[in-house]
Amino acid sequence: MKSRQTSESFLLSAIVSASGGFQDAYTYNLRDKVFANAQTGNIVLMSQHLMQREWAKGLHYLLPILSFAVGILIAEQVSFHYRNAKKIHWRQIILLIEIIVLSAVAFVPASLNVLANVLVSLACAMQVQSFRKVNGYPYASTMCIGNLRSGTESLSVYLRNHEKGALKKAMHYYGIIIIFAIGAGIGGILSINLGYRCILISSMLLLLAFFMMRKEHL
């Protein structure tokens with residue numbers, strides 16, 4: 001029987017989810033109210049500004065959206081080309097890229113907030129594309145709506161059929177949501193009190209995840 005990958009463990013999933021919540025709070029509080037992860041919100045605001053012919057404000061939200069798409073492409077390419085690497089797991093490569101990108105953001109001045117948002121959105125996209133399962137259950141590490149839907153659906157199945165597996169599945173999703181919220185709360189408080197450099201804490205969480213991962217083969 002194939003052993004479960006460290007990248008799918010609840011602990012590692014919790015760490016990357018906390019980092020994801022931290023990143024969202026950081027960009028919203030310090031980088032001009034842009035969501036690094038919640039691209040739906042950015043699309044709504046972009047569309048509103050463009051329809052009001054506020055081109056600069058529309059571009060302000062369009063760039064992170066495009067950057068998010070590029071991040072997905074990068075992660076998919078890394079997965080394809082390094083899936084069978086022997087010395088390092090491809091997800092560790094993604095984590096290293098994320099760490100470098102987020103660490104660079106810490107030194108981007110306020111005058112270049114657009115660049116900071118583009119970089120964080122890029123990192124978030126690579127993360128959500130690469131870390132997609134927790135103990136075998138599909139999930140998102142940088143957003144909550146899908147996790148909330150899946151968790152509540154599983155809870156409904158448990159209430160109807162009393163399947164213990166469904167309850168366990170629901171608890172996994174709700175646990176990830178709570179940890180994401182904790183990461184966001186801490187990120188919000190620290191970003192307000194510590195400023196731009198606090199994104200380095202998100203990098204440290206991802207570095208911890210990097211060292212937790214064993215050599216894995218899909």
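So, when I say helix here, I mean a DSSP run of H or I, at least four residues, numbered from the N terminus. With that in hand, one more thing before we start: this is a predicted model.

Okay, Glu-98. Glu-98 sits in helix 4, residues 90-105. What does Glu-98 touch, then? Leaving out residues up to four places away in sequence, the contacts are Gln-23, Ala-123, Met-126, Gln-127 and Leu-206.

Now, where is there a salt bridge? Look at helix 6, residues 145-161, where you'll find both Glu-153 and Arg-149. Their side chains meet in a salt bridge, at 3.4 Å, N to O. The two are 4 residues apart, about one turn of the helix. In general, an α-helix has 3.6 residues a turn, so residues three or four places apart point the same way. Glu-153 counts as partly exposed, because its relative accessibility is 45%. And the total count in this model is 1 salt bridge.

Let's move to helix 3, which runs over residues 55-82, so to speak 28 residues. From first C-alpha to last, helix 3 reaches 40 Å, close to the 40 Å expected at 1.5 Å a residue. Its buried residues include Gly-58, His-60, Tyr-61, Pro-64 and Phe-68, with Gly-71 and Ala-75 also among them. What do they pack against? The buried residues of helix 3 pack against helix 2, helix 4 and helix 5. And helix 4, remember, is where Glu-98 lies.

Next, backbone. Most residues other than glycine have a negative phi. Lys-33 has a positive one, about 60 degrees, and it is not a glycine. You'll find Lys-33 in the loop between helix 1 and helix 2. At 44% relative accessibility, Lys-33 is partly exposed. Asn-135 also has a positive phi, near 50 degrees. That residue is in the loop between strand 1, 133-134, and strand 2, 137-138. Buried or partly exposed? Asn-135 counts as partly exposed, because its relative accessibility is 21%, and buried means under 20%.

Last stop, the surface. Ile-178, Ile-182 and Ile-186 make a nonpolar patch of about 280 Å². Ile-178 lies in helix 7, residues 164-194.

Conventions:
Residues are numbered from 1 along each chain as its sequence is written. This is a predicted model: local features need pLDDT of at least 70, side-chain atom pairs count only at pLDDT 80 or more; totals for chains, interfaces and linings use all residues. Side-chain values use heavy atoms; hydrogens and water are left out. Patches are made of residues with over 30% relative accessible area and no salt bridge: like charges are joined within 9 Å, nonpolar side chains (Val, Leu, Ile, Met, Phe, Trp, Tyr) within 5 Å. Accessible areas come from the Shrake-Rupley method with a 1.4 Å probe; for residues, only the protein chains shown count as cover. A salt bridge is a side-chain nitrogen of Lys or Arg within 4 Å of a carboxyl oxygen of Asp or Glu. Contact means heavy atoms within 4.5 Å. The expected span of a helix is 1.5 Å times one less than its number of residues. Buried means under 20% relative accessible area, exposed over 50%, partly exposed in between (1.4 Å probe, protein chains only).
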